[in-house]
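This report goes through the model shown below.

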Amino acid sequence: MSAPRPYTRPIDPQWWARPPYLAYTVREAAGAAIALYALILLWGVIALARGAAAYEAWLGFLRSPLSLLLHVILLAAMLLHVWTWFRIMPKTMPRLVIGGQYVPQARITAGGLAVAAAGFIVVLLLALWVRP
Amino acid sequence: MKRAIAPVFWLPFGAGGVIAALIGPALVLITGIAAPLGIGIGPDFMSFARAQAFAHHPLGKLVLLAIIALFVWHGAERIYLTLHDMHLASKPALAWLCYGAAGVITIVTVIALLAVGF
C-alpha cells in the first residue's frame, strides 16, 4: 500500500504580480501603506517625547521633497483603501433588508463612500477650526 | 473543538480599516502635505508647543494611540495574509512576525505617549 498522492496543480509563484490578482496585491499594499503612515506618526510622537530639537528634525523630514512625495503616494493609497473598503463592505455583511427589499450592493457602497466623503470634510473643517 | 484565534485579530483589522476609510485621506493630507507646506492651515499648525499640548491631553493621547495602533494592526493583518498567499513562509511564522511586530509597535506607542508627559 502506498500513501495517496493527490494531484496538486502547479501554481505560478508570481501569480500576485499578474492581472487579475495584481489588483488584490495593490489593495493589500494599500493596507501596508496605512501601517507605514502610522509609523511616521509614531516617529513624531517619539520625537515629541525626546524634546523640541528631535521634534523639529521630524518636522524637517515632513517638509523634505522625499516626505512630500511619500505622502502623495500615501494619500493615493488611502483613497484606494476607501474605495476598496466600501466595495467589499456589502459582501462581508449580512444582506441588508429595508422595506422588504434587499438593498443592492452598489447602494451600500455608495452610502459608505458618502460617509467617507463626509468624514473627509469634517476632519478638514476641524483642522481649519483649530488652526493657529 | 479547537477554537480559531483569527477572529480576535479581525477586530483591530476592521477597526483600523474603518478609521482609515473615514479619516485616513484627510489625516495624510493635513499632517503630510498641508501642514508641512503651510497650505490653508498655516506653517505652525503642528508646531512643537501645539503638538505637545495635544499629546499632553489624555484625549489627545487616546486619539494618537487609536490611530497609530489600529492602523498598524490593520496593515499587519493585510501583510500577514498576503505574504501567506505568496507562499513566503509558514502561516504560524508569518503570524508571529506580523502580529508580533504590531504588538511591539503598540507597546512602543504607549510608552512614547506616556513619556511625552501630562
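Which residues have the most contacts inside the largest nonpolar core? They are A:Ile34, A:Ala38, A:Val45, B:Ile68, B:Phe71, B:Val72 and B:Ala76.

## Basis

This is a predicted model, in which local features need pLDDT of at least 70, side-chain atom pairs count only at pLDDT 80 or more, and totals for chains, interfaces and linings use all residues. Residues are numbered from 1 along each chain as its sequence is written, with chains lettered from A and ligands numbered from 1 in the order in which they are written.

## Nonpolar core

The largest nonpolar core has 54 residues. Such a core is a set of buried Ala, Val, Leu, Ile, Met, Phe, Trp, Tyr and Cys residues joined through C-beta atoms within 7 Å; buried means 20 or more other C-beta atoms within 10 Å of the residue's own, with C-beta atoms placed from the backbone. α1(B) supplies the largest share of this core, 12 residues. Helices are DSSP runs (H or I, at least four residues) numbered from the N terminus.

## Contact between the chains

The contact takes 42 residues from chain A and 46 residues from chain B. On the side of chain B that touches chain A, α1(B) gives the most, with 16 residues.

Leaving aside neighbours within four places in sequence, A:Val45 is in contact (C-beta atoms, placed from the backbone, within 7 Å) with B:Ala55, B:Leu64, B:Thr109, B:Ala112, B:Leu113 and B:Val116.

## Backbone features

The peptide bond from A:Pro19 to A:Pro20 is cis, with omega near 0 degrees. A:Pro20 lies in the segment before α1 (21–50) of chain A.

B:His87, in the loop between α3 and α4 of chain B, is not a glycine but has a positive phi of about 60 degrees. B:His87 counts as exposed (12 or fewer such neighbours) because it has 11 C-beta neighbours inside 10 Å.

Terms used:
Contact = placed C-beta atoms within 7 Å. Helix = DSSP H or I, 4+ residues; strand = E, 2+ residues; numbered from the N terminus.
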